[in-house]
Amino acid sequence: MGGMSVRTQSSEQPAEAAHRAGFACFVGRPNAGKSTLTNALVGQKVAITANQPQTTRHTVRGIVHRPDAQLILVDTPGLHKPRTLLGERLNDVVRTTWAEVDVIGFCLPANEKIGPGDRFIAKELAGIRKTPKVAIVTKTDLVDSKTLAEQLIAIDQLGKELGIEWAEIVPVSAVGSKQVDLLADLLIPLMPEGPALYPEGDLTDEPEQVMIAELIREAALEGVRDELPHSIAVVVEEMLPREDRPADRPLLDIHANVYIERPSQKGIIIGPKGKRLKDVGIKSRKQIEALLGTPVFLDLHVKVAKDWQRDPKQLRKLGF
């Protein structure tokens, strides 16, 4: 046979470990390090792919490909104390997602004591019985070993108190890749056996419009989060290639509306002499260009959709 070896599966040989594939989602209060962790696991800023297998209703944030496994990270909107119809609807979406994924990673930053926001999420998690839960201590590079040890004990206590059995408690620093790999090693055995659900090379299946709207929303909220925490929605109305451009110098026209609830919020978003909105445009345009790899002309308009968070018709129009 020369250099070829033929492997036959005989009864003495251990069978190869079965391939696993499944869904995980990270939860935690804002700034708990969820997106940094996602990017570290996927290994790069999440890229866009066009072909979407209809395996999930959830937004896929990224996919970890391994020879023996595929770990699909899905997005859940943040859980918060609902004050509006939107709040309640989002919370239902969150609970549904938690019940449908194969593992939930609860992110708690190492550098902040467990607070009411963490407890609120933990109590909700305790109600989701079947899904395994992994406590992930993020930002460990910011603390000394004594503080880290105290946080690990506090998380263990929190679980005991609420009747949550942590499948694992894992300290990670997304800055160091060793621990991130370890996290993937711990999450994968919690996945069901099965073939890959996405072709290799796919990193996310989130439609471009949604990602672009999210980038604009992030930029618009920067610095005014306290004044307008949830009252901004962004809708990308159209994306069209500019017609009269040569093929080697394409330009994509993107028209987007930033919706706020009340006229009084307009000034906050637009800023004195329109300066803030201009900065938002410049910042989000750069990120959109990096994402799509093509020059973009971004046309932003601020519109008032009266009390959109409380109005089911508006909510549907704005994609909730």
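Where in the protein is confidence lowest, and where is it highest?

**Entry 1: confidence.** I began with the scores, since this is a predicted model. The lowest confidence is in helix 9, residues 312-317, with a mean pLDDT of 71. The highest is in helix 4, residues 145-162, at 96. For the protein I noted an average pLDDT of 81, with 82% of the residues scoring at least 70.

**Entry 2: overall make-up.** I counted nine helices and nine strands in the protein. Of its 320 residues, 42% are buried. I also checked how far apart in sequence the contacting residues lie. Among contacts between residues at least 6 apart, 73% join residues at least 24 apart.

Entry 3: I went to the loop between strand 1 (20-27) and helix 1 (34-42), where Arg29 is found. Is Arg29 buried or exposed? I have it as buried, because its relative accessibility is 16%, under the 20% cut-off. Its side chain makes a polar contact of 2.7 Å with the side chain of Asp118. Leaving aside neighbours within four places in sequence, I listed the contacts of Arg29 as Lys34, Pro109, Glu112, Lys113, Gly117, Asp118 and Ile121.

Pro30 sits in the loop between strand 1 and helix 1. I have Pro30 as exposed, because its relative accessible area is 69%, over the 50% cut-off. I also took the C-alpha separation of Pro30 and Asp118, which is 9.9 Å for two residues 88 apart along the chain.

**Entry 4: cysteines.** How many disulfides does the structure hold? I found zero. A disulfide needs the two sulfur atoms within 2.5 Å. From the side of Cys107, the closest cysteine sulfur is that of Cys25, again at 9.6 Å and too far. As for accessibility, Cys25 is buried at 1%, and Cys107 is buried at 0%.

**Entry 5: backbone angles.** Most residues other than glycine have a negative phi. Lys139 is not a glycine, yet has a positive phi of about 60°. I placed Lys139 in the loop between strand 5 (133-138) and helix 4. Lys273 is not a glycine either, and has a positive phi of about 55°. Its place is the loop between helix 7 (264-270) and helix 8 (275-292). I have Lys273 as exposed, because its relative accessibility is 89%.

**Entry 6: aromatic rings.** How many aromatic pairs does a search of the whole structure find? I got one. I then looked for charges over rings. Arg242 lies over the face of Phe297, at 5.5 Å from the ring centre.

Key:
Residues numbered from 1 in each chain as written. Predicted model: local features only at pLDDT ≥ 70, side-chain atom pairs only at ≥ 80, totals over all residues. Heavy atoms only, no water. Phe/Tyr/Trp six-rings, centres within 6.5 Å; stacked < 30°, edge-to-face > 60°. Lys NZ or Arg CZ within 6 Å of the ring centre and 35° of its normal. pLDDT = per-residue confidence, 0-100. Helix = DSSP H or I, 4+ residues; strand = E, 2+ residues; numbered from the N terminus. Buried < 20%, exposed > 50% of the residue type's maximum accessible area, 1.4 Å probe, protein only. Polar contact = N/O pair within 3.5 Å; in protein donor to acceptor, adjacent residues only side chain to side chain. Contact = heavy atoms within 4.5 Å.
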